[in-house]
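Welcome! Here is a short briefing to read alongside the sequence and the 3D view.

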Amino acid sequence: MKIAVLVSTGRHPVSGATVLSRLEAQAIRLAAGLGEPLGLHAGPEQAVLREALGQGLVRGEHIVVPDGVDPVPALAARLAATKPDLILAGRRGQGGDETGLVPYALAETLDLPLIPDVVAMASDDEAGTLRLDQSLGRGALRRVLVRGPLVVTIHPDAPAPFAYAYGQARRGTIVPLDAAPGTVEGTGPTVEERPYRRRPKLVKGAPTGGSAAERLKAATGEAGTAASGRLLVDPDPDEAAREILAHLRQIGVLAPPTRPSIP
Amino acid sequence: MSRLRRDPRAERAAQQIARSDGASPRPRYDRTQRATGGRPRRDPRAERAGQRVAGGVRPRYEIGQVSRGEGPVLAPRPQAAPEAVAPKILILEAPAFLIAVVPDAAGGRLSAHDRQVLGAARTLAGRDGGVVILAPDACEGIGSAGADRWVRFGDDAAAYDPAARAARLAATLGALAPRHVLFPESLDGGDLARRVAARMGAPLFGNAEVVAATGVIRPARGRRVEQRAMPGLLTTVAPDAVAEYGGPPREARLLDVEAASMAGRTGPILAATRIPADPATVPLTLADFVTAAGNGIRDLDTFRRLVPALRATPGASRVLCDAGLMPRQTQVGASGTVLAATCYFALGISGAPQHLQGVAGCEHVVAVNTDLHAAMIERAGLAIVQDAQTVMEALLRRLAVEADAGEQVA
Ligand SMILES: Cc1cc2nc3c(=O)[nH]c(=O)nc-3n(C[C@H](O)[C@H](O)[C@H](O)COP(=O)(O)OP(=O)(O)OC[C@H]3O[C@@H](n4cnc5c(N)ncnc54)[C@H](O)[C@@H]3O)c2cc1C
Ligand SMILES: Nc1ncnc2c1ncn2[C@@H]1O[C@H](COP(=O)(O)O)[C@@H](O)[C@H]1O
């Protein structure tokens with residue numbers, strides 16, 4: 001199976017140094033379970049591909065694209081030429097604009113289906129189909145059976161990446177490619193940038209336009225469920241059990257009884 | 001000219017109240033009667049009352065006004081008692097423009113995040129604009145969350161075909177022609193927004209933390225910088241960044257939108273099954289419903305039977321973990337796990353500050369404790385002052401009865 005892993009230039013969250021983003025390292029690990037992962041990067045530098053080789057890539061392809069140019073046309077042209085069975089990307093970039101739009105734009109240009117937020121992959125018995133486990137948050141999964149070729153984005157809950165191997169990074173090859181001429185400057189919305197400013201945390205339960213007193217109430221838990229709390233002093237244990245089960249069901253954390261009502 | 005000489009005795013005698021028979025033998029005087037002649041006596045209380053401005057709950061006084069104390073400056077209007085009338089529904093007849101909101105509405109319920117997105121849409125809409133929500137049928141409470149219009153948009157939850165959903169959404173948005181479209185930046189909402197953006201070729205402003213008509217702001221480069229732009233067509237709103245709508249409920253009138261129905265092209269997805277999280281193995285940080293035991297529980301076997309019966313994830317206070325009665329990874333609190341659960345069920349836990357820190361993010365708390373004054377009882381939405389042992393047994397009994405009844409029906 002031919003698998004392409006899209007490798008972008010990540011920035012380390014603390015030092016700001018150029019690194020391979022963790023999600024893409026996780027993507028390489030998932031790909032290694034299915035076949036030989038090949039890397040594809042569009043950008044001015046190839047350092048990040050070298051690191052990706054150390055994390056388990058077999059070969060890397062580097063499309064030389066100047067900084068600040070939309071990588072999607074270059075990536076799409078190369079992927080259309082090589083026709084991999086599976087294209088893996090991170091759900092968001094790391095350290096760049098972090099929009100997560102590149103995989104979607106690629107899927108649209110190549111007219112491929114896209115399955116987001118995958119944490120596990122396996123090939124199914126039927127040839128050409130894949131079984132993907134998609135994260136739904138809170139530990140729940142959706143198991144999707146799909147027919148390739150397709151684009152898949154990886155969720156952070158996927159297995160941890162392989163350890164970095166220096167020898168592998170030295171031995172691996174990186175093929176430089178020239179971008180097809182005619183790539184245009186990225187035309188995103190015009191944005192103005194300034195240093196990040198932390199904003200006050202939203203107080204849960206305080207309404208918009210509420211007074212300071214209302215915000216204080218919400219922050220100290222006097223509003224909301226605690227304010228309208230029910231207190232049962234020395235109830236009969238069975239009565240208490242009935243109350244608790246009814247309350248849990250009303251919140252929706254406990255499944256209703258198999259029969260609608262119990263006398 | 002000399003002043004008239006006062007005769008206090010005579011004055012008092014004049015003030016004495018005539019006694020009717022059978023009343024108390026003590027003489028009583030009416031001291032409010034002004035003594036004739038001399039300076040009038042001041043009554044500071046009455047003056048103060050006279051300065052009071054009528055109306056309002058808090059007393060307000062007009063200090064500059066000097067009154068003789070013949071009563072308030074203005075007669076107080078009878079206080080409108082806070083009646084329990086249903087708040088008036090705001091109706092917007094002809095909105096100048098529309099702001100569309102596409103909530104997740106998982107299971108037909110608006111999540112807190114969905115309501116925050118509606119709040120953001122309300123601030124963008126201002127007074128003249130209308131907020132239109134694209135929600136499935138069963139969704140309730142959309143009016144009070146701030147929606148003026150409602151377009152039926154939903155599909156059966158069992159089938160998973162996000163590409164078709166995005167195509168239908170793009171067609172509906174084309175027919176509605178809203179000025180802005182807002183999505184929650186959640187797993188599903190973020191995915192749908194990016195699909196629609198790729199399909200419509202429109203720029204997307206993702207993960208906005210500030211939403212206002214004057215500009216939207218999002219973090220970038222690992223929160224080193226923030227990017228600001230004028231609100232565009234498509235925006236996703238970060239969780240817990242924008243306040244919910246707090247005004248009077250709105251109409252949520254049903255709009256009929258003719259969207260070209262999508263031809264049934266079979267997608268590449270052959271099957272999709274939902275695998276719910278296994279509460280017994282899911283990490284405590286991800287758990288949705290945690291049942292925890294504290295030092296008040298002596299019989300942990302009953303507790304260990306109760307947890308799977310409730311389909312909950314087990315938790316414990318530090319005392320039990322230190323004693324080796326519960327594994328360390330179940331410890332809830334400052335030095336254990338900080339929960340993000342929907343519901344926390346505390347059995348025999350006093351609610352020490354270090355423990356409560358771990359529960360601060362939980363939406364609902366249920367507590368059973370023998371001590372009425374325990375902090376956990378104060379924090380709980382449903383508090384039961386009773387022996388946890390008997391309550392646990394009663395719960396198990398009741399769940400067993402329900403399971404039996406279910407089996408008989410099946
Ligand atoms: C630095 C530091 C960090 C800490 N971090 C944590 C932490 O992360 N997590 C944590 O949990 N603790 C932590 N603690 C410990 C914390 O201060 C408390 O000691 C602990 O939480 C108390 O646990 P408890 O409520 O189970 O026990 P207790 O305080 O002993 O309370 C037992 C409760 O059970 C009730 N009870 C007794 N019998 C019954 C019965 N039959 N039925 C029902 N109720 C009954 C009692 O009324 C009482 O309220 C920390 C302490 C320190 C100093
Ligand atoms: N220049 C690039 N070259 C290769 N892959 C990229 C590039 N930019 C983004 N990607 C891929 O797209 C994902 C999402 O990136 P982004 O859209 O920038 O958030 C990343 O995790 C990468 O897998």
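In this predicted model, an oxygen atom of ligand 2 sits 2.6 Å from a backbone N or O atom of Gly93(A). Backbone atoms of Gly100(A) and Val102(A) also take part in the picture, as the points below set out.

**Polar contacts of ligand 2**
- For Gly100(A), a polar backbone atom and an oxygen atom of ligand 2 are 2.7 Å apart.
- For Val102(A), the distance from a backbone N or O atom to an oxygen atom of ligand 2 is 3.0 Å.

**Burial**
- On its own, ligand 2 would expose 480 Å², and the protein buries 91% of that area.

**The shell around ligand 2**
- Three elements of chain A each give two or more residues to this shell: β4 (36–43), β6 (86–90) and α4 (102–110).
- With 3 residues, β4(A) provides the largest share.
- In total, 19 residues surround ligand 2.
- The closest of these residues are Leu6(A), Glu24(A), Ala42(A), Gly93(A) and Gly100(A).
- Gly93(A), one of the closest residues, is also the one whose backbone N or O atom lies 2.6 Å from a ligand oxygen.
- Sorted by class, the shell holds 10 nonpolar, 6 polar and 3 charged residues.

**Domains of chain B**
- Turning to chain B, the domain assignment gives domain 1 as 98–262 and domain 2 as 289–409.
- Taken over C-alpha atoms, the centres of domain 1 and domain 2 of chain B are 37 Å apart.

Definitions and conventions: Residues are numbered from 1 along each chain as its sequence is written. Chains are lettered from A and ligands numbered from 1 in the order in which they are written. This is a predicted model: local features need pLDDT of at least 70, side-chain atom pairs count only at pLDDT 80 or more; totals for chains, interfaces and linings use all residues. Side-chain values use heavy atoms; hydrogens and water are left out. A residue is near a molecule or strand if one of its heavy atoms lies within 4 Å of it. A polar contact is a pair of N or O atoms within 3.5 Å; within protein, one must be able to donate a hydrogen and the other to accept it, and residues adjacent in sequence count only if both atoms are side-chain atoms. Accessible areas come from the Shrake-Rupley method with a 1.4 Å probe; for residues, only the protein chains shown count as cover. Helices (H or I, at least four residues) and strands (E, at least two) are DSSP runs, numbered from the N terminus. Ala, Val, Leu, Ile, Met, Phe, Trp, Tyr, Cys and Pro count as nonpolar, Asp, Glu, Lys and Arg as charged, and the others, Gly among them, as polar. Domain bounds come from an automatic or database domain assignment.
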